[in-house]
Amino acid sequence: MPMNDPLQIRLDVENISVMYGNGHAALEGASFSLSGGTICALVGVNGSGKSTLFKSIMGFVKPRDGMVKINGQPVREALKKHLVAYVPQAEEVDWSFPVSVRDVVMMGRYGAMNFLRIPRAVDRAAVEDSLRRVGMWEFRDRQIGELSGGQKKRVFLARALAQDGCLILLDEPFTGVDVSTEDAIIDLLRELRSEGCVVLVSTHNLGSVPEFCDQVVLLNRKVLAHGPTEEIFTEQNLTSAFGGQLRHFHFEQSTIQSHDGRAVKVLTDDERPLVFGKDGHLEYKNREGREDLLKKRKEEL
Amino acid sequence: MNWLEPLEYPFLRDAMMIGSLIAVMCAVLSCFLVLRGWSLMGDAVSHSLLPGIVLAYLVGAPLLIGAFLAGLLCAVGTGWVKNISRLKEDTAMGVVFTGLFAIGLVLFSKVPSDLHLDHILFGNLLGIGPAEIREVMWVAFPVLAVLLLKRRDFLLLCFDPVQARVTALPVRLLHYGLLVLLSLAIVVSLKAVGIILVTAMLITPGATAFLWSDRFDRMLWIASATAVCSTVLGVMISFHSDASPAACIVLFQAALFALSWMLAGRRGHRRRENPGGNETGI
């Protein structure tokens, strides 16, 4: 059903530098490339330029140097083709606004609609299809403020689906979201990847990155490292990316004796912590029987 | 006393008719302004019209053109001051429009004219003539048409400007378009209700409707309905009580808001306090 050919999607961030009004650099010579289908985590502390990078990809910020290209073209061209979809953070939305769930998802279709934005049958079908995919069709006539945190997130995901973009930007998709919604969102992102989309997820939720992201971009004004999760998402890289800004908890044998007698190190950037075992391998939930989690990410790439 | 007596006088029928048209145009605009957080933009633009009117009078240009340009200068100047300083929009707006209003007052006292300051400030709905009625209709119908036909775009601009830009809507054009429509609406409302009370007509109907509605189209209908009711009743009351018609209209709008706040306000609050109330296993 996608009208944009998803197999073609490619994002090139070429050596971009962005300055704030006060002359400080928000991004300095950041470069990386992604092509569909992939789920890539954008990881970095607050102020590392994650949101500036998003704004550059959406064309709101013009880099002083360098260029963002989508399918080899400037961002402006890609926006005209509605290739870029954005899922905002919950705080960015006025939930008291007099619009229904269906109205919000329909907004994703505006780019494809005529001058007066009168929905055609194809638009209605796309909205219904998207709402069904996120399991929110029964809630279509609710005012958006009447939803729970996870439901709100699903509605905006449905809007991105209805828009039929194949470069999808998600800002902190798991904040304020219950576990079942988190799993549902991850399943949906995997479907999008298999359809050939590039999904770029900005997140503080380090622990969930190896669960679903096959690539990682480590950002601290520059791109410190990027590539497959297995190679990039290491204790050494993360420690150097975050310096002293991550919370470190070092559990010695003396503190956790039941943990196989091993020492673990927990890295957390506020959200779900990232846990490394003594020899530097990753720990994650339900590890037993899923020892090859990271290898799987590589196969998905 | 015959309550319907005002309807027998053509000038009062005209006042009700043209007042209602202005009220509906302002009410529709108010829905967008309330949702965009621009409630006081109407106040700012209306005050800043004064120097434009006086200057237009000085050079012999149509007063409406002068007023329109001054209003636009205020709206654009506010954005400009905000962008090149660290000031927030409301502060920039306050400085710009009071400054323009003060220039207008000074000019007014220095320029001998047959303009009536109180007509500019408070309007003269009952003294409105056929030429002015045509003027209002020429502006009000196109403004209403653009607002209603492009309401979905304007709504997205208010609700989620990021999404509007990502899907390549002409965000800048919509932003300035809304300001131009606002300036036009205020300029033609001037003769009828004056620059002080037009502010109320540009906020209150939208605020009242917001309390009653959780869909935008419904909000537009409710705002327009309260505006028309207030105009018809306000003109009648003003006839019987010999009070300023514009003031009576605004008083009615305020009363409807107060009533809505007591009845619907709490209902709306309770409804939205309980998000996802009967969610099913999500």
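Which residues does F32(A) touch, not counting residues up to four places away in sequence? Select F32(A) and look around: the list is L11(A), D12(A), V13(A), L53(A), V217(A), V223(A) and H226(A), where contact means heavy atoms within 4.5 Å.

Before going further, some housekeeping. This is a predicted model, in which local features need pLDDT of at least 70 and side-chain atom pairs count only at pLDDT 80 or more, while totals for chains, interfaces and linings use all residues. Residues are numbered from 1 along each chain as its sequence is written, chains are lettered from A and ligands numbered from 1 in the order in which they are written, and side-chain values use heavy atoms, with hydrogens and water left out.

Stay on F32(A) and colour by secondary structure. F32(A) belongs to strand β2 of chain A, residues 25–35 (strands are DSSP runs of E, at least two residues, and helices are runs of H or I, at least four, numbered from the N terminus). F32(A) counts as buried because its relative accessibility is 3%; the cut-offs are under 20% for buried, over 50% for exposed and partly exposed in between, with a 1.4 Å probe and protein chains only.

Next, pick S202(A), in strand β8 (residues 198–202) of chain A. S202(A) is buried too, with a relative accessible area of 3%. Its side chain makes a polar contact of 3.4 Å with that of D171(A) (a pair of N or O atoms within 3.5 Å; within protein, one must be able to donate a hydrogen and the other to accept it, and residues adjacent in sequence count only if both atoms are side-chain atoms). Leaving aside neighbours within four places in sequence, S202(A) also has contacts that include L42(A), K50(A), F54(A) and L170(A).

Now show both chains. The contact involves 46 residues of chain A and 32 of chain B. About 3200 Å² is buried between them, 61% of it from carbon and sulfur atoms; that is the accessible area (1.4 Å probe) the two parts lose on being put together, summed over both.

Last stop: zoom in on D153(B) and R117(A). Their closest N and O atoms are 2.6 Å apart, in a salt bridge (a side-chain nitrogen of Lys or Arg within 4 Å of a carboxyl oxygen of Asp or Glu). The count between the chains is two salt bridges.
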